[in-house]
Structures are given as C-alpha cells and as structure tokens.
Amino acid sequence: MPRNKLSYEGLYERQLESLTQKVFSLYDSKNDAGIKSQIRNQPLNLLVEAIEKIDDIDLAVRFIVASYRIKMGELFLSFTESNKIKILSKLNSAVLSQLLNDLNSDDVYEILNIVPSTLQKKILLNSSRSLKLEIKELKSFDFGHVGSIMNNTFVTFVEGMNIGEAINFLHINKDAFDIGEEIFVTNTDDEIVGFVRTKNLLFHRESESISEVIEKSYFSVGVSEGIEEVIDLFKKYSPSTVAVIDENSKLVGIVNSSDVIPEIIDNNMEDVYHFYGIRDTYKTYLNSDVMEIVKSRIFCLIITLLAATVTTYAIDKFETLGVSWTAGISSAILVPIIPIITDMCGNTGSQTTATIIQAVASGEVKDRDIWKVIRKELKVALVIGLVLALFNFCRLIIYYTMVPIDSSKFHLQDTSTSTSTSSITAKDKLFLVGMVGAFSSSISLFLVVLCSKFFGVLIPFMAIRFNYDPASISAPVLTTILDTVSSVIFFGIGVMFLNWTISPIFGMNVSNGKLTGK
C-alpha cells in the first residue's frame, strides 16, 4: 500500500478520535454553544461518524436539537438508517416539527418508508399542511416511477425576470428551498424554456434580462416514467439536475444526483441479491430480524437443492457404470476430482453471466446481439479452457507423484493371487492410470468451460426474451444445468478413457465389475 495512503488513513483516524473525545466532552458538560460551533465548522460526515462511534442516542438527539437553524436537516440525513429511526423515536413534537420543516418532502417521504407504523403516525401528525400535501403527491406514484423520487419543492425563475430580481428571489427563499447549481426557467404556463446556472447570475448586470443567460438544452423525464430512465441519464451524461414534467409538459419536480445515487445503490444491491437468489427484505441488514433474513434466502436454496437431485442421479448412475466398466478404478480417480470440475464450471459460467447482465443493464448489449456475444464468449472460452486444462493436467501429475492412488478401492476377482495384486499396486502402473485420469479430466475441463460460457450467455438472454429478470433466475438455473452437464461430461469421458486403458496398463481385463487376468 502506498505510503501517502497509510499516512492519510492514520491522519483521518487521529482526527476522528480527537473529535470523538471533544464531542463527548461537550455533551457531558452540556456545552450547547460548543456543540453548535462543531456543527458549523466540522464536516458533517466526520462529525456524525464521531457521534455514532460513541453509540449514545441521547447524545445524537442533543446534537440534532442544537443544530436548529444551522444544518438540522443535513445533520439528520447523515446518520445511518437505524440511528435515524432511534433519533425520531426520541424527538419531542416541537423538535420533530422543526426537523421536518428543514427537510425536503422527498426526504420525508423516504423516511416514512423505512420507519415503523407508530413513527409514521408521529411524523405525519407533526408535519405541516403543505408538507402533507407534497407527501400525498409523492405517494400517488408507484415506487418504480420517477415521481416517487423527485423533489417537488424547488425554485424556478419566470421568463420575464431580470437578473437582479432573480438574485433577490434566491436571497428571500434561501432558507425555504435547496438552491442547486441549475435553476429552471418557466413561462406563465409552467412550461420549461431552459435553465440558468446559478453562478452565472453573479457575472452579469442586474438590469439584464434572465433570458440572456438561459441555456436551452436540458434533460427531462416524464413523471410516470421508470426510475431506470433517469438513472440511465445520470450514468450516461452526468447532469446536475433533470426536470420532471407531466403529460402536459409542465414542470412538476426535479431530480438531482442526491436523489438518484441511493436508487443506483439500491438497484445494484437488488441485482446482487437476485443473482445469489436472495429476495430483498427492504430493510437494512441490522434492522432485519432472523426470520426475515431466512425467508429471503431459503426459497432459492430449497429449489437449488431439489434441482441437484438430477446431478445426484447422474453421478450415481455413472459410478455404477464405472464399477462395471473399470472395476472401481473410476471411483478411486474421478470422484475426488469432481468438486474441482463443478466449481470451475460454475465459476466460469457465473463470470460470463455477470458480465452479460451488466452489459444488458447498461444498454451496451441488446437481445438481438445474442449470437455475436456467444461467438465472442466461445473464443474467450477456448483460451481460458486451454489454459485451465494444461494447468489441471500438470497439477494432477504433481499430485499423483506426491500422493499415490489408493489401489485398495479397485475390485479384484481374486486378491489371493500375488501376481495380480503386485501388478495392480506397482507404482509405475498406478502413476500411468493417474496420468489417464489427469488427461481425461483436463479434456473434460476444457469442454466444460466451453459449455459454461455458452449457457452463461444463453440463460440471461432467454430470461430477457421471455420477460424475466435475468439477475433473478440466472444463478439457480445456471447452477443446476452446469452441475448436471459437467458431471455427465466428466464421468462420461473419464470412464471411457479408463475402460480403454486398463488392459494395456495392467495386463488385465474387467469382467462383471472386477479385474481379472487375461
């Protein structure tokens, strides 16, 4: 690790430790003036980390109360979800009303979605009439729509304003609204005509018309469009603010990066949960009880377990066939290797599936590109399969040199015959049969990698074709198919190669599942 990174982390830890001691001292001495000074001057993320490190909710409440008319809303929003809930439950009605007035309606709406019903009632009871109306408007939109995350308390300029009037308007409303980097300009019908950059107002004469600094090109989304649409806009173009318009093209809200970032994180986490077969509990990990976590995970595990019955059946039949064709030699050589083959198959397939799902989600790959993607992944599989096969062969040769094969698992017709026993236990012959196992398993691994790459592309594309979420079904379906396919390929090739080479190596035949002399 670079030295400057170590020194930076050490400096941050020392600052945090020093601030933690200071925070506790101010709280312990009931020094409200000192607390307010810290709120004004310290970075809020560092201050909140120090408060949460002390782990005293009464201390956190004291800082929230002291932050009135300073950074009350910002301070509260910097706490973790679990601490937000604890703080809200402790606040009295007067302080809660002050806090709610300092928050945007979309922030309050999000808070209502994470707190228990008793706290929801408390919050609504202490909300102003205008805030209740704004929350009601947000509630009218489905969770998946842009309207559910937009900020419907925002500043706009009217087209006919001059710059002096605009600056004065901002000064008057600085405490009532969050003033962003970009402010939309509307006509008398609330239709957008463009936007102005706040900083540009300072570099023009106050007598100039605001139309002189309007930028006509802006981003907008419909209020009923999916959240994914606005997420894609921010990912591709990184705008500061996106306008939200209704069916009549009137401005009804705005979305900025602070509104979208939590949605991007939630979407990414949801994809991760789905990929591993976990249903979202819609709560943080620490706020979810044991049974909620169990319910979110157990269904997919049971389905995978039931599906594994096919793999169990295949292995059982091939092991029986191995006894019949190889007198148990396949059990001694192939069974210990099967976990490696299935693991490598699952890993290579999962790599492909994760890559495809990400490419589809970003819009880079469309469902019509399936054959183009398959061709590319098969080329990748040829190289990866060849490298893994060569590495596996060398690995097993070294292994069998160090750990000889246990010949006691071989089925002999007459173990009292010393000639046959010595023929079986000769080290050079055991090593040769080990080489056959290494070669057959490496061929199998190469073919298995090809299959895993193919199915790793096919399954998410088929899910998309039939309108299923690829992140939800790819993992369990891929696991089931690849486990079965890899077992059939591995045992089929392994048993066949061993059956062909037993007679040349040992000078013996297999009869009724036992080794016999020629």
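**A tour by selection**

Start with Phe-497 and Trp-500: both sit in helix α20 (residues 470-506), three residues apart, about one turn of the helix. Keep in mind that this is a predicted model. Show the two side chains. The ring centres of Phe-497 and Trp-500 are 5.7 Å apart with the planes at 50°, so this pair is tilted. Color Trp-500 by accessibility: at 54% relative accessibility, Trp-500 is exposed.

Next, select the strands β1, β2 and β3. They form an open sheet in that order, with mixed pairing. β1 (156-158) and β3 (192-197) are the edges; each has a single partner strand, so one side of each has no neighbour in the sheet. From one strand to the next, the twist averages 35°.

Zoom in on β2 (residues 182-186). Five bridges join β2 to β3, and the two run antiparallel. Pick Phe-184: its bridge partner in β3 is Phe-195.

The structure holds nine aromatic pairs. Phe-184 and Tyr-218 make an edge-to-face pair, 6.1 Å centre to centre, with 80° between the planes. Phe-184 is in strand β2 and Tyr-218 is in the loop between β3 and β4 (220-222), so the pair ties together parts 34 residues apart in sequence. Phe-184 is buried, at 2% relative accessibility. Tyr-218 is partly exposed, with a relative accessible area of 30%. Show Phe-195 as well: ring pairs link Phe-184, Phe-195 and Tyr-218 into a cluster.

Last stop: helix α14 (residues 290-326), where Met-291 is found. Switch to a surface view.

How values were computed: Residues are numbered from 1 along each chain as its sequence is written. This is a predicted model: local features need pLDDT of at least 70, side-chain atom pairs count only at pLDDT 80 or more; totals for chains, interfaces and linings use all residues. Side-chain values use heavy atoms; hydrogens and water are left out. Helices (H or I, at least four residues) and strands (E, at least two) are DSSP runs, numbered from the N terminus. Two strands pair if DSSP finds at least two bridges between them. Axes are lines fitted to C-alpha atoms, for helices over the stretch in contact, and angles run from 0 to 180 degrees between N-to-C directions. Rings of Phe, Tyr and Trp (its six-membered ring) pair if their centres lie within 6.5 Å; planes under 30 degrees apart count as stacked, over 60 as edge-to-face and the rest as tilted. Buried means under 20% relative accessible area, exposed over 50%, partly exposed in between (1.4 Å probe, protein chains only).
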